[in-house]
Amino acid sequence: MATLLIVHHTPSPNCQTLFEAVVSGATDPDIEGVRVVRRAALAATASDVLDADGYLLGTPANLGYVSGALKHFFDQVYYPCLDSTRGRPFGYYVHGGNDVTGAVRAIESITTGLGWRRAAEAVTVTGEPRKDDVEACWELGATLAAGLMDEGR
């Protein structure tokens, strides 16, 4: 069974809304043969990453960068996972008050270094999430999980 690891930092109601939409999409009943594992960024480990077949990352944009929690996650897993996870699919969502540019740049840079393959368009949201933002997060979760289902066949 394929495993999708969702690593998230969810400190606000807006981030919670996006996280719940991602989980709902990833766990849609039409997607079979994919286990969805959710880990808070401060609790996720290199073993979690090594045991997963794909990744979905979620973070607020804080002070022009990813959250400290997601940065800590990357710091902990980067070298232990560097060679073993190249080519694995990932996606991400970022929420910010008014700008997410720095956070997006950081995620793109770090995942490029890891050699991960972006398998879905990023979802970036500023301000209060609108209906289309929530739907995009649902699609993000479903796309990543369905991609793992397809790879497992």
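## A guided tour of a predicted model

Begin by selecting threonine 59, which sits in strand β3 (residues 54–62); strands (E, at least two residues) and helices (H or I, at least four) are DSSP runs numbered from the N terminus. This is a predicted model, in which local features need pLDDT of at least 70 and side-chain atom pairs count only at pLDDT 80 or more, while totals for chains, interfaces and linings use all residues. Residues are numbered from 1 along each chain as its sequence is written, and side-chain values use heavy atoms, with hydrogens and water left out.

Is threonine 59 buried or exposed? Threonine 59 is buried, at a relative accessible area of 0%; buried means under 20% relative accessible area, exposed over 50%, and partly exposed in between (1.4 Å probe, protein chains only). Next, display the contacts of threonine 59, where contact means heavy atoms within 4.5 Å. With neighbours within four places in sequence set aside, the residues in contact with threonine 59 are His9, Val66, Ser67, Leu70, Tyr93, Val94, His95 and Ile107.

Turn then to the charged pairs. Side chains of opposite charge can pair when their charged atoms come close. The structure holds seven salt bridges, a salt bridge being a side-chain nitrogen of Lys or Arg within 4 Å of a carboxyl oxygen of Asp or Glu.

- Select arginine 39 and aspartate 48, whose side chains meet in a salt bridge at 3.3 Å, N to O. Arginine 39 is partly exposed at 31%, whereas aspartate 48 is buried at 15%.
- Select arginine 118 and glutamate 121, which form a salt bridge at 3.7 Å, N to O. Arginine 118 is partly exposed at 36%, and glutamate 121 is exposed at 63%.
- Select lysine 131 and glutamate 135, joined by a salt bridge whose closest N and O atoms are 3.9 Å apart. Lysine 131 is exposed at 65%, and glutamate 135 is partly exposed at 43%.

Where do lysine 131 and glutamate 135 lie? Both belong to helix α5 (residues 131–151), four residues apart, about one turn of the helix. An α-helix has 3.6 residues a turn, so residues three or four places apart point the same way.
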